[in-house]
Amino acid sequence: MYPTFFDAITTRPGRANAAAALGSPVLDPNAAAALGTPVLDAVRVAEQIGAALFVTVLTAIAAQLSVPLPFTPVPFSLQPLLVLVGAAALGSRLGMASQILYLALGIAGLPLFAASPLLPQGAVRLLGPTGGYLMSYPLAAFVAGSLAERGFDRRYFSAVVAMACGLAVIFAGGLLWLTIVSRPTGSFSTVLAAGFLPFIVPDVLKLLVAAAVMPGLWKITGKPSR
C-alpha cells in the first residue's frame with residue numbers, strides 16, 4: 001500500500017523527537033516517546049477531521065455550481081469529479097467519510113445539494129431522480145481512494161483509470177435509481193437519455209483534465225511518487 005497525498009503532507013517526525021520539540025523535560029527517549037504519543041495522536045485525528053470536512057465543504061460548493069438542464073432532472077455539475085479527486089487525496093476511508101458527512105448534512109436540511117427549481121433540499125432529495133447519484137458518492141470515493149492507496153494517483157494514465165472506476169460507480173448508482181423511480185412509465189432507453197447520454201462525453205473530458213490534478217500535486221510538492 002502507498003501513502004496517500006494527505007498522509008505524505010502530514011507526516012510527522014519520530015515520536016521521541018516530537019516530544020522533545022514540545023519541550024518535554026523527560027530525558028529518556030522511551031519516556032519521551034510515550035509522552036509524545038497522545039499528543040501526536042490527537043493532532044493526527046484533528047488533521048483527519050479537518051481534511052474530511054474540507055472535502056465536504058468543497059463538495060457542497062461544487063454542487064452550487066451545477067447547471068440545470070431543460071430535458072433532464074439531472075443537472076450538469078463538476079461535483080462528481082471533486083468527489084473523486086478529494087478521495088484520491090484522502091484515501092478510501094477519509095474520502096468515504098467526507099461524502100457520508102456531506103449526505104448527512106444535506107439530509108439534515110442544510111442547503112448543500114444542487115439548487116433546483118423542482119427538487120427540494122433535505123432527505124426528500126435522495127428519493128428523487130438524482131438520489132442515486134448522491135447516494136453513490138461514498139462508494140465512489142471509497143473506490144477511487146482505494147486505488148490511490150495502491151499508487152494509481154501517481155501517474156496520469158493510472159489516475160485516469162482510478163477516476164473512471166469511481167465515475168462508473170456514480171453512473172451505475174444514478175442509472176439504477178433512475179430506473180427504479182421512473183417505473184412503470186420509463187423505459188431503460190429513457191433512463192439512458194436522461195441520466196447518461198447527455199453527460200458521458202463532457203464527463204469523460206472533465207475526467208481527462210481532472211486526472212492530472214493528483215500527479216501534478218505529487219510533482220509540485222516534491223513528494224516521492226513511489
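How many residues lie between β1 and β2 in the hairpin that they form?

**View 1. The hairpin of β1 and β2.** Two residues separate β1 from β2 in this hairpin. In this predicted model, local features need pLDDT of at least 70 and side-chain atom pairs count only at pLDDT 80 or more, whereas totals for chains, interfaces and linings use all residues. Residues are numbered from 1 along each chain as its sequence is written, and side-chain values use heavy atoms, with hydrogens and water left out. Strand β1 (residues 67-69) pairs with strand β2 (residues 72-76) in the antiparallel sense over two bridges; pairing requires that DSSP find at least two bridges between two strands. Leu69 is opposite Thr72 in β2. Helices (H or I, at least four residues) and strands (E, at least two) are DSSP runs, numbered from the N terminus.

**View 2. Packing of α8 and α9.** Helix α8 (residues 188-195) packs on helix α9 (residues 197-210) at an angle of about 40 degrees, and their axes are 4 Å apart. Axes are lines fitted to C-alpha atoms, for helices over the stretch in contact, with angles from 0 to 180 degrees between N-to-C directions. α8 is therefore oblique to α9 (under 35 degrees is roughly parallel, over 145 roughly antiparallel, 65 to 115 roughly perpendicular, and the rest oblique). Leu192, Ala193, Ala194 and Gly195 in α8 meet Leu197, Pro198 and Phe199 in α9 (contact: heavy atoms within 4.5 Å).

**View 3. The aromatic pair of Phe5 and Trp218.** The ring centres of Phe5 and Trp218 are 5.3 Å apart and their planes 85 degrees apart, an edge-to-face arrangement. Rings of Phe, Tyr and Trp (its six-membered ring) pair with centres within 6.5 Å; planes under 30 degrees apart are stacked, over 60 edge-to-face, and the rest tilted.
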